[in-house]
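Good morning, colleagues. Please look at the sequence and the model on the screen while I describe a few of its elements.

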Amino acid sequence: EKLIEEGRVKVNGIVITEQGKTIDPEVDQVEVDGKIIQNEGKMVYILLNKPSGFVTTAKDQFGRPTVIDLLKGFETRVYPIGRLDYQTSGLLILTNDGDLTLKLTHPKHEIYKTYVATVEGEINAAKIAQLQEGIDIGDFVTSPAKAELIKATPSESLVKISIREGKYRQVRRMFESIGHPVHELQRTDIGKLNLSGLREGDFRYLTEEEVAYLKAL
């Protein structure tokens, strides 16, 4: 009760002040002083190819399908590392390793995340240079990004972009800022991890080498 009163307890990322709050240990994530509270047991690491139309949470207050719904028959409780917005598809890591989750989501941690964006209109070299140099997206100036034009037509362009930050809807806001709203967005890579051989909606376990790579970042 004292920890709650001091604002040191979070449930699903939100500080709580209500004493005696009821949670569901199967779906709710509890943190005390930034450390996820979990039962000791085998650590599980999953790579999921998230389809568009799923929220990146354990449960959704509006009843929308969640990424956990895609883990059919999977009994171990896991949580997403970071988020992909509802309309964005692609690579997502889930785990019950709280220490790794906190490490990879810490603001000081920078790992390149690569996306392929289908955007409105024909992007030219000057716009690509803007993405590479960093853009003011309203409340934040992005760090220099890696950006490559894959294809451009008068109606749509396909761009590969890699960023190190993880601001809310950052890639979409970057393209909006240069006048090319995103039609489709897929995350294809996180560092050295990629979607190779994994169909949309499917998942696989990370290999020991992949887990060691993430822990060494």
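In helix α5, which spans residues 208-216, the buried residues are Glu210, Val211 and Leu214. Buried here means under 20% relative accessible area, exposed means over 50%, and partly exposed lies in between, with a 1.4 Å probe and protein chains only. The three cover an arc of only 100 degrees around the axis, which puts them on the same side of α5; the arc is that of the directions from the helix axis to the C-beta atoms. An α-helix has 3.6 residues a turn, so residues three or four places apart point the same way. On the face of α5 turned away from its buried side we find the exposed residues Glu208, Glu209 and Ala216.

This is a predicted model, in which local features need pLDDT of at least 70 and side-chain atom pairs count only at pLDDT 80 or more, while totals for chains, interfaces and linings use all residues. Residues are numbered from 1 along each chain as its sequence is written, and side-chain values use heavy atoms, with hydrogens and water left out. Helices (H or I, at least four residues) and strands (E, at least two) are DSSP runs, numbered from the N terminus.

What covers the buried residues of α5? The cover includes β5 (45-50), β7 (89-95), α2, β12 (193-194) and β13 (203-205), where contact means heavy atoms within 4.5 Å.

I turn now to helix α4, residues 170-177. Six of its eight residues are buried, and the helix is thus mostly covered. Those buried residues are Gln170, Val171, Arg172, Arg173, Met174 and Phe175. Their cover includes β8 (113-120), α3 (125-133), β10 (156-163) and β11 (182-190). Just after α4, Gly179 adopts a positive phi of about 85 degrees.

Next, the sheet. Four strands, in the order β2-β1-β3-β4, make up an open sheet with antiparallel pairing; two strands pair if DSSP finds at least two bridges between them. At the edges stand β2 (14-15) and β4 (35-37), each with a single partner strand, so one side of each has no neighbour in the sheet. Helix α2 (residues 98-105) packs on this sheet and touches β3 (30-32) and β4, its direction making about 150 degrees with that of β4. Axes are lines fitted to C-alpha atoms, for helices over the stretch in contact, and angles run from 0 to 180 degrees between N-to-C directions. Strand β1 (residues 9-11) runs antiparallel to β2 and is joined to it by two bridges. The bridge partner of Lys10 in β2 is Val15.

Finally, Lys42 is located in the loop between β4 and β5. Is Lys42 buried or exposed? Lys42 is exposed, at a relative accessible area of 72%.
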